[in-house]
Amino acid sequence: MNSDNSSAPPDLDAATIEVIRNYLTSAAAEMQRTLIRTAYNTVVYEILDFGISMYDRDLNLIADSPGLALFLGANDGAIEKTVEYVGEENLNPGDVLMLNYPYWSGTHVLDMCLMAPVFYDDEIVGYTTCRAHWLDLGAKDPGYVLDSTDMHQEGLVFPGTKVYEDGEPNREIIDLVRFNSRIPDKVVGDLHAQVSSLETGNKRLRELYERYGEDAVEHAIDVVIDHGEETARTAVSELPDGTWTASDYADGVGREPGDHIHVEAEVTIDGDEFTIDLSGSDDEVEEPLNIPRGMTETICKLCFKTVTTPEEDSNEGQYRPLEIVAPEGNVFNAQYPAPTFTVWTAITGIDVIYKALAKAMPDEVPAASGGEPVGIQIYGEHPDTGEMYVEANNDAVGWGATRGQDGESALMHISETMVRNVPVEVFENKAPIRFTRLELRQDSGGEGTYRGGLGTRRDYEFTDPAGALSILQRSRSPGWGHDGGGPGARNTIVVDADDPDGDRISILVDNDYLFDAEDGERYAGMMRGDFEPGETLSVRTGGGGGYGDPMERDPEAVLADVRDEYVSREAAREIYGVVVTEGGELDREATETLRS
């Protein structure tokens, strides 16, 4: 492409460039709508567990559509690896390539990335990509694989295979997918939905070239990318220079207190250059908690963008000031055949990068969030149809407080961006489940002058026999507050209290990954088990960290929290030094005495 703006087409003014930029963004959004309307699985059309991107002929990102943030950055590396593997010279109009080899695709095996070249005047002018989470594809277990020791236990792998050739489906490849899935019709249905999404994007990009011509479109793309770089560099140069380091721990899969993964981030800002170095983190582990390089680039890009160009549509130029350091063999640069299925270490990585940035800009970066959006997957034979089903759900967490503002309650973690949970009515229709409770989790927000946001509580009651597993991080390591604020509550799963021996639960390591509590309930982190009708799981998500000394919180704000049942009367008294009467009134004299 031509990067010399002086040789632009003579009739290409700024307004036309802006029209072309918005056309690309609109095309990506239309790809998203096509996928949602044609997908078969709730994880795609309800949860929005996908990522859609468009690239120019040089594989520069030119547009994307909001979905799962952990996919969008990974798409950048996936398209490069796929074109390198297949060879541009071997691509034809109507080809669709399929990639889920984790070290190239950047995410785990069930996140299938489909991509297609866009031809104009018999030459490639761009590419479209659509990555979506498939619920089953040849893995050792249904749903998420929680105890794999190498990637070959995690599912069927495609390195950039032509699933469509010259516009025609490759029946042998599609049958290979079909016969390696426990829910073949839904998985193949999602595959074709992704192909439809790609064709929508390809059609729109061809129309753009036909309307404005190759020189005009590619000059406009050059201008947009260059402007993105200029804007990002300006934003970085306005940040304080220096180096800041932070660390935390991601949950391991064992029960011992020391069984965790050390995550360390060093952030350096030097002029208009921004470096994130994760080399201080642990080396690869034997459990499926390793992160491919592509996802590491994603989490770094996410954090970088939120402090530089958060209001701008994404393009390649915005990430040029960013350098990422993660040596091979590090937990953030997994190498074959390291297991990578549970990507939750990346969530901790995001929080730790922000923790380091908070030292540089404490007024702009919030306290820790509740961590990974806690998920449950339920699977088995559906009592009404007799067919295998796999259904998944995410639950929201509390966000951290900032100077001057409480954290927001019940939002998806920032890594999930536009992702939603499945409506109760839809989930109960798809799986033999009855929801008996869904509410904000009282006292889960970290204490502070400004309180952390609350997590949620959702209780699942099984109405028929089913298997279930949990997906969560930060079940043992709490988050953190800022400037004297406290951490929020941790994520946890509460298992039936009337099962003291744990015979029914198959917990990852030695069948004993359960925590006994003083209240008699039993808590689990990641787990897989078989459940009978009437048995329950209670999913309780973490809260955000607080900001500032809780004794300096406005008593009226504490009173409002008690009345809204965000904070209990006991916590108001013990943590905030605020006395609320049984009638729900503020006892000012008692409060002043207690605080003094």
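Where does Asp483 lie? In this predicted model, Asp483 is found in the loop between strand S16 (466-471) and strand S17 (492-495). Its phi is near 55 degrees, a positive value in a residue other than glycine. To see what makes that worth a look, remember that most residues other than glycine have a negative phi. Asp483 counts as exposed because its relative accessibility is 56%, and the cut-off for exposed is over 50%.

Asp122 gives you a second example, with a positive phi of about 65 degrees although it is not a glycine. You will find Asp122 in the loop between strand S4 (111-120) and strand S5 (123-133). Asp122 has a relative accessibility of 78%, so it counts as exposed.

## A cis peptide bond

Now follow the backbone to Tyr336 and Pro337, which are joined by a cis peptide bond with omega of about 0 degrees. Pro337 sits in the loop between S11 and H9. For background, most peptide bonds are trans.

## The two largest pockets

Let's turn to the open spaces. The largest pocket holds about 1,100 Å³ of space. It is lined by 47 residues, and the closest to its centre are Leu302, Thr306, Tyr354, Ile414 and Thr417. Several elements each supply at least two lining residues: helix H1 (14-38), strand S2 (61-65), helix H3 (69-86), helix H8 (293-306) and helix H9 (344-360). Helix H8 gives the most, with five residues. Sorted by class, the lining has 21 nonpolar, 14 polar and twelve charged residues.

The second largest pocket has a volume of about 490 Å³. Of its 21 lining residues, Gly77, Lys81, Arg293, Gly294 and Glu297 lie nearest the centre. Two or more residues of this lining come from each of H3, helix H4 (102-105), H8 and strand S11 (322-325). The lining of the second largest pocket divides into eight nonpolar, four polar and nine charged residues.

## Cavities inside the model

How many cavities of 30 Å³ or more does the structure hold? There are three. The largest cavity has a volume of about 250 Å³. Among the 24 residues that line it, Asp49, Tyr144, Trp344, Asn394 and Glu416 are the closest to its centre. H3, strand S12 (375-381) and strand S13 (388-394) are the elements that give two or more residues to this lining. By class, the largest cavity is lined by 14 nonpolar, six polar and four charged residues.

The second largest cavity has a volume of about 40 Å³. Its lining is made of Ile20, Arg21, Leu24, Ile62, Ala220, Ile221 and Val224. Here the elements that give two or more residues are H1 and helix H7 (214-237). Six of the lining residues of the second largest cavity are nonpolar, none is polar and one is charged.

## The nonpolar cores

The largest nonpolar core has 155 residues, and those with the most contacts inside it are Met98, Phe274, Leu357 and Ile378. Helix H9 provides the largest share of this core, eleven residues. Apart from this core lies another, of ten residues, among them Val558, Val567, Ala572 and Leu586.

Leaving aside residues up to four places away in sequence, Phe274 touches Val236, Leu239, Val267, Thr268, Ile269, Phe304, Val307, Pro321, Leu322, Glu323 and Leu357.

## Two buried residues to look up

Is Ser444 buried or exposed? Ser444 has a relative accessibility of 1%, so it counts as buried. This serine lies in the loop between strand S14 (433-440) and strand S15 (456-462). Beyond residues up to four places away in sequence, Ser444 touches Leu454, Gly455, Gly488, Ala489 and Gly543. A polar atom of the Ser444 side chain lies 3.0 Å from the backbone nitrogen of Gly455. Ser444 and Ala368 are 76 residues apart in sequence, and their C-alpha atoms are 13 Å apart in space.

Arg457 has its place in strand S15. Arg457 counts as buried because its relative accessible area is 18%, and buried means under 20%. The side chains of Arg457 and Asp459 make a polar contact (3.0 Å). Not counting residues up to four places away in sequence, Arg457 touches Arg437, Leu438, Glu439, Arg441, Ser538, Val539 and Arg540.

Definitions and conventions. Residues are numbered from 1 along each chain as its sequence is written. This is a predicted model: local features need pLDDT of at least 70, side-chain atom pairs count only at pLDDT 80 or more; totals for chains, interfaces and linings use all residues. Side-chain values use heavy atoms; hydrogens and water are left out. On a 1 Å grid over the protein atoms alone, a cavity is a set of points where a 1.4 Å probe fits but cannot get out, and a pocket is an open set with protein on both sides within 12 Å along at least five of seven lines; lining residues have an atom within 4 Å of a point. Grid points are joined across faces, edges and corners, and a volume is the space filled by probe spheres set on the points. Helices (H or I, at least four residues) and strands (E, at least two) are DSSP runs, numbered from the N terminus. Ala, Val, Leu, Ile, Met, Phe, Trp, Tyr, Cys and Pro count as nonpolar, Asp, Glu, Lys and Arg as charged, and the others, Gly among them, as polar. A nonpolar core is a set of buried Ala, Val, Leu, Ile, Met, Phe, Trp, Tyr and Cys residues joined through side-chain atoms within 4.5 Å. Buried means under 20% relative accessible area, exposed over 50%, partly exposed in between (1.4 Å probe, protein chains only). Contact means heavy atoms within 4.5 Å. A polar contact is a pair of N or O atoms within 3.5 Å; within protein, one must be able to donate a hydrogen and the other to accept it, and residues adjacent in sequence count only if both atoms are side-chain atoms.
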